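User: I'm new to this structure and would like to learn how to read it. Could you take me through it feature by feature?

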Amino acid sequence: MAATSDMSTPKNEYFIKQRDLLIQEISNNLTKVHTNLEALNRSLHESKQIGKEFDDVARLWSTFYDGMNQIREKTADDLPKATTSEDKDTLEESQD
């Protein structure tokens, strides 16, 4: 029985060493994943902030175009309606 326990000890030591190496490798990789997720989170946050910066510019252009459309509609209402060619002929005859 003593021989069996002596033989299993080196195997157990090898197993424990390999297990510890794998646990250390997993821990290192999880640390890298965590670091990369934090970097991704910062990048997404920065992208969101940049998008918010364009809100004011978009609102300004929207106001500009709304104002231009109002001016165009007001101008179209104030202009006399276009006359047809028959109306033009009638006007020319009456002027002669």
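User: Which side chain does arginine 19 meet in a salt bridge?

Analyst: A salt bridge here is a side-chain nitrogen of Lys or Arg within 4 Å of a carboxyl oxygen of Asp or Glu. In this case, the partner of arginine 19 is aspartate 20, at 3.9 Å from N to O. Before we go on: this is a predicted model, where local features need pLDDT of at least 70, side-chain atom pairs count only at pLDDT 80 or more, and totals for chains, interfaces and linings use all residues. Residues are numbered from 1 along each chain as its sequence is written, and side-chain values use heavy atoms, leaving out hydrogens and water.

User: How many salt bridges are there by this rule?

Analyst: The count is two. Arginine 59 also forms one, with aspartate 56, and their closest N and O atoms are 2.9 Å apart. These residues sit about one helical turn from each other, because they are three residues apart in helix α1.

User: How many helices and strands does the protein have?

Analyst: Helices (H or I, at least four residues) and strands (E, at least two) are DSSP runs, numbered from the N terminus. Here you get two helices and zero strands. Helix α1 covers residues 2-78 and includes methionine 68.

User: What share of the residues is buried?

Analyst: Buried means under 20% relative accessible area, exposed means over 50%, and partly exposed is in between (1.4 Å probe, protein chains only). Of the 96 residues, 0% are buried. Methionine 68, at 37%, counts as partly exposed.

User: And how do I read aromatic rings?

Analyst: A pair of rings is described by the distance of the centres and the angle of the planes. Rings of Phe, Tyr and Trp (its six-membered ring) pair if their centres lie within 6.5 Å; planes under 30 degrees apart are stacked, over 60 edge-to-face, and the rest tilted. That rule gives three aromatic pairs. One of them joins phenylalanine 64 and tyrosine 65 edge-to-face, with 5.5 Å centre to centre and 70 degrees between the planes. Phenylalanine 64 is partly exposed, at 43% relative accessible area.

User: Which residues do ring pairs link into a cluster?

Analyst: The cluster consists of Trp61, Phe64 and Tyr65.
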